[in-house]
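Student: Could we go through this structure together, one question at a time?

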Amino acid sequence: MLRTFYKLYLTLIASILLAVFVVVPGMQYMLIPRLTPSDANDLRSTMYILRDMLSVQDEAKREKALDEVQPTLTMVRFDLLDRSSVVLTDDQQRRLDLGYAVDIDTPGTILLAIPPSHQLLRTRDLQAPGASSLFRVVAWTVVVAMLLGGLFFWLRSHWRDLEILREAAQRFGDGQLHVRSGLSARSSVAPLATRFDSMASRIQTLVSTQSEMINAISHELRTPIARFGFALALLKSARDEGERRRHIAAMSDDMAELDQLVSELLSYGALGQPGRDPEYCQVDIAEFIDSVIGSLALEMEARDIHCRVTILPTGAMAPIDPKRSARALINIVRNAMRYGRSQINITVTMTGEMLVIHVDDDGIGVPEADRKSIFEPFHRLDRSRDRSTGGFGLGLAIVRRAITSQGGSVEVDDSPTGGARFTLRLPVSTDVESTANTKAK
Ligand SMILES: Nc1ncnc2c1ncn2[C@@H]1O[C@H](COP(=O)(O)OP(=O)(O)OP(=O)(O)O)[C@@H](O)[C@H]1O
Ligand SMILES: [Mg+2]
């Protein structure tokens with residue numbers, strides 16, 4: 001911003017200097033009365049003629065006679081004065097007596113004696129060639145034009161960059177989401193352009209994520225709906241009660257799957273909704289982990305999965321959103337049950353600033369190349385496409401939103417027990433607590 005004003009100052013100073021040192025001296029040159037030798041000769045001839053004309057007049061009538069001829073003379077005006085009122089050198093006196101026109105010190109002033117009297121004819125108000133009022137108007141117009149020209153020069157670059165930005169905004173608004181301003185960092189509107197470009201990138205990403213989501217949702221809905229339609233058709237043509245019951249059971253499975261998909265989608269959407277902040281409160285970490293494991297205990301027992309929990313330090317309290325954190329941990333432990341074999345280890349540690357939860361399993365693990373993408377919605381690895389093991393691929397996307405909304409992070413690694421290690425990190429410093437309290441209000 002400051003650079004913009006420096007530029008303006010420099011441009012104005014340059015214009016003013018140009019006007020002061022070039023235009024004004026030029027005007028003065030044009031305006032100051034100067035007589036060329038031939039002008040002076042013409043003037044003298046005119047004066048001799050006037051002298052001859054006036055010398056035959058009565059002294060009292062000379063003024064009137066002079067006034068009568070005055071309008072015909074354009075470059076100069078004449079007047080009459082008494083010789084005693086002018087200070088003259090001896091030489092000037094002598095030359096006047098001899099009947100010569102005499103130049104005196106005041107520029108452009110010539111005197112001529114009118115015999116037989118003490119009267120002198122004097123040039124007065126000698127007009128310079130550029131002294132007309134039209135010339136003055138033109139000269140001042142040039143000065144103002146130079147200042148305006150300087151201003152225009154300064155404004156031009158801003159105007160051009162704003163025009164580029166306006167055009168980019170218009171094209172973006174017309175749906176060309178790839179358009180960016182492309183202005184350099186040296187442009188005077190660079191801060192605005194950078195904001196526009198980053199806003200455009202965010203909107204483009206959002207729009208493409210939304211349309212990818214819509215595609216994925218449609219794709220996920222299609223399979224159970226198609227199965228449902230098929231079962232319905234078979235139900236219509238069923239011949240006995242047993243067959244009918246089988247089709248109805250298949251249809252209710254499909255409905256349950258649809259219901260689960262919709263409720264997972266709602267959870268995912270709710271976590272991303274602006275204005276829905278986490279609700280923090282002080283949580284006893286051991287109790288929190290206990291309740292999560294408790295909610296999955298029956299499933300674990302049914303699958304013969306053993307879970308070991310280690311919490312350091314015991315009796316630790318932390319300011320977290322219990323609902324969001326429980327949702328995240330349940331999804332991760334469920335994955336460990338689904339993709340692991342028989343052992344799950346949950347290790348909780350807490351430093352002054354961070355609550356860290358590791359969930360280790362002894363399954364197939366997650367290949368390094370997929371460790372980022374599995375957190376994207378509907379992303380499942382090929383080996384879990386089978387419905388018997390894989391779900392919709394929304395579980396980890398929900399985990400990421402639930403944890404990052406609390407300022408935390410989630411990542412996957414190799415586990416020392418052979419499978420995958422999911423690590424949740426939640427900030428628990430007093431800063432977070434105070435932010436949490438403010439947010440809770
Ligand atoms: N503990 C794990 N071990 C190995 N692979 C895993 C593990 N957890 C997740 N994955 C892989 O990451 C993918 C995404 O997991 P996510 O929880 O998002 O979806 P899902 O379990 O397939 O379905 P959902 O959780 O929606 O029912 C899984 O399909 C699976 O391939
Ligand atoms: Mg899952």
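Here are some questions and answers about the chain and its parts.

Tutor: Happy to! This is a predicted model, in which local features need pLDDT of at least 70, side-chain atom pairs count only at pLDDT 80 or more, and totals for chains, interfaces and linings use all residues. Residues are numbered from 1 along each chain as its sequence is written, chains are lettered from A and ligands numbered from 1 in the order in which they are written, and side-chain values use heavy atoms, with hydrogens and water left out.

Student: How many helices and strands does the chain have?

Tutor: Helices (H or I, at least four residues) and strands (E, at least two) are DSSP runs, numbered from the N terminus. By that assignment, the chain has 11 helices and 11 strands.

Student: What percentage of the residues in the chain is buried?

Tutor: Buried means under 20% relative accessible area, exposed over 50%, and partly exposed in between, with a 1.4 Å probe and protein chains only. Of the 441 residues in the chain, the buried share is 38%.

Student: Which residues touch the most other members of the largest nonpolar core?

Tutor: A nonpolar core is a set of buried Ala, Val, Leu, Ile, Met, Phe, Trp, Tyr and Cys residues joined through side-chain atoms within 4.5 Å. The largest one has 53 residues. It draws at least three residues from each of domain 2 (211-272) and domain 3 (281-440), with bounds from an automatic or database domain assignment. The members touching the most others are Ile 289, Ile 344 and Ile 346.

Student: Which residues are buried in helix H8, and what do they pack against?

Tutor: The buried residues of H8 are Ile 285, Phe 288, Ile 289, Val 292, Ile 293, Leu 296 and Met 300. An α-helix has 3.6 residues a turn, so residues three or four places apart point the same way. With contact meaning heavy atoms within 4.5 Å, the buried residues of H8 pack against strand S5 (281-284), strand S6 (306-312), strand S7 (317-320), helix H9 (322-339), strand S8 (343-350) and strand S9 (354-361).

Student: How far apart are the end C-alpha atoms of H8?

Tutor: The expected span of a helix is 1.5 Å times one less than its number of residues. The 19 residues of H8 (residues 285-303) should therefore span 27 Å, and this agrees with the separation of its end C-alpha atoms, which is 26 Å.

Student: Where does H8 bend?

Tutor: The bend at a residue is the angle between axes fitted to the seven residues ending there and the seven starting there. In H8 that angle is about 50 degrees, at Ala 297.

Student: Which residue caps the N-terminal end of H9?

Tutor: H9 has 18 residues and reaches 25 Å from its first C-alpha to its last, close to the 26 Å expected. At its N-terminal end, a side-chain oxygen lies 3.0 Å from the backbone nitrogen of Lys 323, and that oxygen belongs to Asp 321.

Student: Is Glu 220 buried or exposed, and which side chain does it join in a polar contact?

Tutor: Glu 220 is found in helix H6 (residues 190-236). With a relative accessible area of 6%, Glu 220 is buried. A polar contact is a pair of N or O atoms within 3.5 Å; within protein, one must be able to donate a hydrogen and the other to accept it, and residues adjacent in sequence count only if both atoms are side-chain atoms. At 3.0 Å, the side chain joined to Glu 220 is that of Arg 380.
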